[in-house]
Amino acid sequence: MSAAPQKAKAGAEQINVKVSAVVPLNDLVTRFEFQRTDGQRLPTFSGGAHTVVTMNDDGRTRLNPYSLMSDPTDTSTYAISVRRDDQGRGGSLFMHTRVKVGDEMQITYPVNLFSLDLRAKKHVFFAGGIGITPFMSMIAQLERSNGNWELHYAVRTEALGTYVDELRYKFPNKVHVYYDDQSQSIPLEELLDGQPLGTNAYVCGPKGMIDWIHATAAAAGWPDAQVHSEEFTAPQPGKPFEVRLCKSDKTIQVGESESLLEALEREGVEAPFLCRGGACGQCETDVVSYDGEFIHRDHWLEPEQQAGQKIMPCVSRFVGASLEIDR
Amino acid sequence: MTIQFNDETFRDDYSFHNSDWAIKRFPFPFHEDSYMYAVNMEQHRGGPEGSVYEKRFDVDEHYVAEMRDRAMVLADDPLRCQSLPHMTLAGWDLLELIMVSKSEDYPDLFELHHDADQWRWVNKPLGIDDTFTFLDETTLPYGPMEYITRQTQGDFCVLDQREENLWMDAGMVTTQADWSLDFDLGMNFFEWHAPVPLAHEMGIFKRALKFLLNIQQGAPARRMNWTMTVNPLLDTSPENYHKWGIQKTTLTPENIGSKQHLRVELQTFFRLPRSNALVFPIRCYLCSFQDLMTMPKWGRRLHRVVRDLPVELATYKGFIDNRPMMLDYLSQFDDGLPTSPGVFPEPETEPPLNKAG
Ligand code: HEM
Ligand code: FES
């Protein structure tokens with residue numbers, strides 16, 4: 001089927017970088033900046049893109065996606081902002097406690113699963129907490145092309161308002177901030193009501209916020225295609241389980257704090273991936289047989305596919321007596 | 001290697017011709033003795049040295065003549081190049097992709113010099129030396145997509161990606177196999193593929209779209225497609241069907257070897273960085289039957305593929321009426337010997353034709 005067959009590489013292209021800056025922003029969030037180790041330029045990207053950072057945590061490989069938040073036209077440096085998650089699997093803890101200026105790391109080429117609709121007459125952004133990051137690059141992109149945008153940004157407290165000061169200083173009329181601890185909330189219905197025709201809305205934040213904005217917009221008659229959301233399901237830890245791989249003829253264990261995808265990679269099994277966040281569909285895998293319950297955490301499969309046909313190894317898990325998949 | 005550019009035409013006297021070098025590297029599309037649609041995508045990260053797969057944008061001996069032909073088509077029909085307003089940024093992305101790729105891959109033919117936003121582009125084969133401001137349309141004689149695709153072989157569809165689909169919102173289409181940009185503009189992946197037989201039912205388009213939506217920066221992909229063309233015509237558009245459709249009736253057993261061409265499209269897919277659009281270059285290669293027959297493996301295989309092709313495909317590709325005459329010609333080059341797997345002609349190892357007369 002192929003014209004000039006080559007060994008296919010799984011996943012996105014990697015770039016070798018060194019950490020050029022580590023900037024703590026508040027108690028929870030730190031910014032990391034990267035430059036290429038070979039001194040070349042980084043690829044240009046589009047607002048809303050993310051990169052997957054490879055972390056070598058004492059022999060364990062961790063791969064976490066982070067939104068690129070620098071100006072997309074600045075190809076000398078990439079920046080990400082990482083919120084420390086003391087409950088999570090440790091990728092963010094690793095970044096916070098172990099990564100220093102000068103360290104060499106690997107990141108993927110930019111991938112965009114949350115891009116601007118360039119036809120839109122106006123872009124309205126809704127950010128919750130660390131969900132601000134993709135909007136930083138979108139705003140930079142729109143500012144260059146005189147795009148029409150506004151931002152509604154909910155944060156817990158003033159002290160945790162990542163980039164609030166910078167945004168307010170640069171764009172006093174476009175940025176609106178709401179503090180949870182002062183019982184302020186986004187006046188969503190009003191905001192959705194007053195927008196010109198052809199406006200697109202974008203939301204990035206906790207799941208509850210995303211659901212709320214989708215539901216409210218739908219009730220207000222907004223077409224689904226004009227409401228965009230990005231939610232990285234951070235790979236969640238869970239109980240260990242065993243999987244039979246029928247193509248590779250192997251049985252493997254998935255540990256407590258690794259994903260099924262990571263377990264496949266550890267065993268040297270060819271497993272495609274891109275987003276590692278249950279969004280892109282690349283890792284879709286057929287279930288051959290099972291006796292137990294799936295814990296599906298993806299945004300990709302249809303409900304009937306989740307009922308025993310398929311699993312997304314990057315985020316989803318299994319509890320039960322046996323599972324056999326087509327890898 | 002420096003390329004000798006042919007002085008040739010793709011219309012009127014049809015002086016188009018392939019050198020021995022061009023025949024040998026012709027992208028013969030059949031890796032086995034039969035053909036059916038498939039989700040035939042692979043990565044586009046180089047290929048054997050000298051092959052059409054090696055470079056991101058292949059430049060060959062037909063370059064200058066093809067660009068002359070494109071300019072003539074555009075002069076007659078400006079609607080062959082269209083770009084909806086939201087696609088201008090993607091046009092700049094494409095301009096950058098091509099200028100960077102060509103200047104890196106063919107430094108003796110193309111040069112790109114940057115001084116911040118001031119770019120200087122030197123295209124030696126076409127005698128162009130232009131300085132412009134990147135992202136400032138007023139500094140170029142055409143829009144960015146039109147500017148660069150007037151200097152690059154192959155058609156270009158620039159697809160906007162939204163709503164889990166691709167939309168044909170811009171393109172430069174002058175060398176197409178009987179479809180129209182003006183008609184397809186604004187359509188989505190399933191809409192513009194509607195006329196294709198069998199592939200929808202086979203689930204090919206649904207799976208292909210999933211793959212395309214996931215194509216990432218730095219990881220381009222490619223696939224092949226093919227059809228048949230009488231006379232070496234680049235512009236086989238529906239707009240001009242009245243001119244070329246009738247040429248299909250001029251085939252005779254005497255002239256078929258030189259007039260009938262296998263038309264192969266090397267299709268590639270690149271994610272564009274600023275716009276997140278996808279560009280789909282469709283590069284057309286033509287080779288006459290008689291030139292193909294100089295490779296014994298291709299002679300045997302082409303006969304078998306054309307003979308066994310499902311009627312639906314031969315009809316859609318527009319050669320069902322001429323198929324019997326093609327088979328009479330091609331069967332002379334099929335001695336029944338087995339063929340080696342893969343697309344390359346293997347002239348050193350493939351046995352010569354073992355047939356009298
Ligand atoms: C996004 C990039 C693509 C564009 C812009 C595109 C465009 C087109 C167009 C305009 C046609 C002619 C339809 C007509 O008769 O009017 C066509 C035909 C076709 N396309 Fe695509 N296509 C794309 C990607 C693909 C992919 C990835 C596949 C994968 C299987 C595919 C498979 C086909 C097939 C099988 C045909 C029929 C060709 C023949 O038999 O000659 N296309 N395409
Ligand atoms: S890697 Fe993207 S869905 Fe699993």
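In this predicted model, ring pairs join Phe26(B), Phe28(B), Phe30(B), Tyr35(B), Tyr37(B), Trp226(B), Trp298(B) and Phe319(B) into a cluster. Over all chains, a search of the whole structure finds 37 aromatic pairs.

In chain A, Phe294(A) and Phe318(A) form an edge-to-face pair, with 5.2 Å from centre to centre and 65 degrees between the planes. This pair links distant parts of the chain, as the partners are 24 residues apart: Phe294(A) belongs to strand E14 (residues 285–295), and Phe318(A) to strand E16 (residues 317–325). Phe294(A) has a relative accessibility of 15% and therefore counts as buried, the cut-off being under 20%. Phe318(A), at 2% relative accessibility, is likewise buried.

Phe189(B) and Trp192(B) are arranged edge-to-face, their centres 5.5 Å apart and their planes at 75 degrees. Both residues lie in helix H6 (residues 189–192) of chain B, where a separation of 3 residues corresponds to about one turn of the helix. Phe189(B) and Trp192(B) are both buried.

Attention now turns from rings to charges. On the surface, Glu158(A), Asp165(A), Asp180(A) and Asp181(A) gather in a patch of negative charge. One of these residues, Asp181(A), sits in the loop of chain A that runs between strand E9 (175–179) and helix H4 (188–193). With a relative accessible area of 47%, Asp181(A) is partly exposed, and it can join such a patch because membership asks for over 30%.

Terms used. Residues are numbered from 1 along each chain as its sequence is written. Chains are lettered from A and ligands numbered from 1 in the order in which they are written. This is a predicted model: local features need pLDDT of at least 70, side-chain atom pairs count only at pLDDT 80 or more; totals for chains, interfaces and linings use all residues. Side-chain values use heavy atoms; hydrogens and water are left out. Patches are made of residues with over 30% relative accessible area and no salt bridge: like charges are joined within 9 Å, nonpolar side chains (Val, Leu, Ile, Met, Phe, Trp, Tyr) within 5 Å. Accessible areas come from the Shrake-Rupley method with a 1.4 Å probe; for residues, only the protein chains shown count as cover. A salt bridge is a side-chain nitrogen of Lys or Arg within 4 Å of a carboxyl oxygen of Asp or Glu. Lys and Arg count as positive and Asp and Glu as negative; His and the chain ends are not counted. The place of a charge is taken as NZ of Lys, CZ of Arg, CG of Asp or CD of Glu. Helices (H or I, at least four residues) and strands (E, at least two) are DSSP runs, numbered from the N terminus. Buried means under 20% relative accessible area, exposed over 50%, partly exposed in between (1.4 Å probe, protein chains only). Rings of Phe, Tyr and Trp (its six-membered ring) pair if their centres lie within 6.5 Å; planes under 30 degrees apart count as stacked, over 60 as edge-to-face and the rest as tilted.
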